[in-house]
Amino acid sequence: LEDLYSIEITDLTVETAGLTEAELYEFSLAGDPTNGDAFDNLDDVWYTNFTIPEGTKRLVLEILETSASDLDLFFGFGPTPSEATLWDYAATPAALEYYSWTDPIAYDWWVLVQNWGGDETPDDVTLALGLVPDTASTNFEVKGLTSVPALDEFDLEVTWDIPEMEPLSAWYGWFSVGSDAEHPGNIGQTDLNVYRPYDDVTKAAEDNL
């Protein structure tokens, strides 16, 4: 992260959480024939329930892959999706919807995906659900100069080491930067997403002995 500037840094202090691998849900979903209302018939949408435990730093809901032209993502509390229990949503004219919530409320929740632009032919969908615990990271770190005068430009280097990262996986984290140990996070905080796509090149060997 280059050419940053801030208040004076006397003892660079970084707090981290993650990186945590998302759980992936893969399913097929036909278009909702009444796409103006995602809750009128839950057989026309896809949904699942999950729990945000105490001590969660970040929740992420993200459509990673789909053949659909326009999906919408809804998120709410309790056991059953409804407009009355809707908490928030991501409903752009695109398909790869994304939702992130820092310091979420610990409770039982639902997430619902609607195929807004589809027809009776089902589309493939991959949804990532990431729950990042509020514990210091062991697989990524953020480094920079220990001290920096006010408004002087400086860089931060973010590095991660996750040998077990598999193709088509998503890893979510968070970090904050403070000017000293007594003021953690007073410069700023940001989300960190790391994606492992499919391999561009694979290698195969054949033993002819």
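Analyst: Tyr-172 in strand E12 is the bridge partner of Thr-20. The model is predicted, so local features require pLDDT of at least 70 and side-chain atom pairs pLDDT 80 or more, while totals for chains, interfaces and linings use all residues. Numbering runs from 1 along each chain as its sequence is written, and side-chain values use heavy atoms, without hydrogens or water.

E12 covers residues 169–178. Strands (E, at least two residues) and helices (H or I, at least four) are DSSP runs, numbered from the N terminus. Two strands pair if DSSP finds at least two bridges between them. E1, residues 13–21, runs antiparallel to E12 and is joined to it by seven bridges. E13, residues 188–196, also pairs with E12 in the antiparallel sense, over nine bridges. There, Asp-191 of E13 stands opposite Trp-174.

Is E12 enclosed or open? Ten of its ten residues are buried, so the rest of the structure largely encloses it. Buried means under 20% relative accessible area, exposed over 50%, and partly exposed in between (1.4 Å probe, protein chains only). The cover holds on both faces. One side carries Ser-169, Trp-171, Gly-173, Phe-175 and Val-177. The other carries Ala-170, Tyr-172, Trp-174, Ser-176 and Gly-178.

Leu-19 sits in E1, and the peptide bond from Gly-18 to Leu-19 is cis, with omega near -5°.

Met-165 lies in the loop between E11 (156–160) and E12. Met-165 is buried, at 11% relative accessible area. Contact means heavy atoms within 4.5 Å. Leaving out residues up to four places away in sequence, Met-165 touches Trp-171, Val-194 and Arg-196. The C-alpha atoms of Met-165 and Arg-196 are 7.0 Å apart, across 31 residues of sequence.

Now the cores. A nonpolar core is a set of buried Ala, Val, Leu, Ile, Met, Phe, Trp, Tyr and Cys residues joined through side-chain atoms within 4.5 Å. The largest has 23 residues, and Phe-50, Leu-59, Leu-61, Phe-75, Val-113 and Leu-127 touch the most other members. At least two residues of this core come from each of E2 (23–29), E3 (46–52), E4 (56–66), E5 (71–77), E7 (98–102), E8 (107–115) and E9 (123–133). A second, separate core has 15 residues, including Trp-171, Leu-156, Ile-162 and Val-194.

Last, the whole chain. The protein chain has 13 strands and zero helices. Of its 209 residues, 42% are buried. Its C-alpha atoms fill a box of roughly 65 × 60 × 30 Å along the principal axes. Among contacts between residues at least 6 apart in sequence, 78% join residues at least 24 apart.

Two backbone angles deserve a look. Asp-103, in the loop between E7 and E8, has a positive phi of about 55° although it is not a glycine. Asp-103 is partly exposed, at 45% relative accessible area. Asp-3, in the segment before E1, has phi near 60°, again positive in a residue other than glycine.
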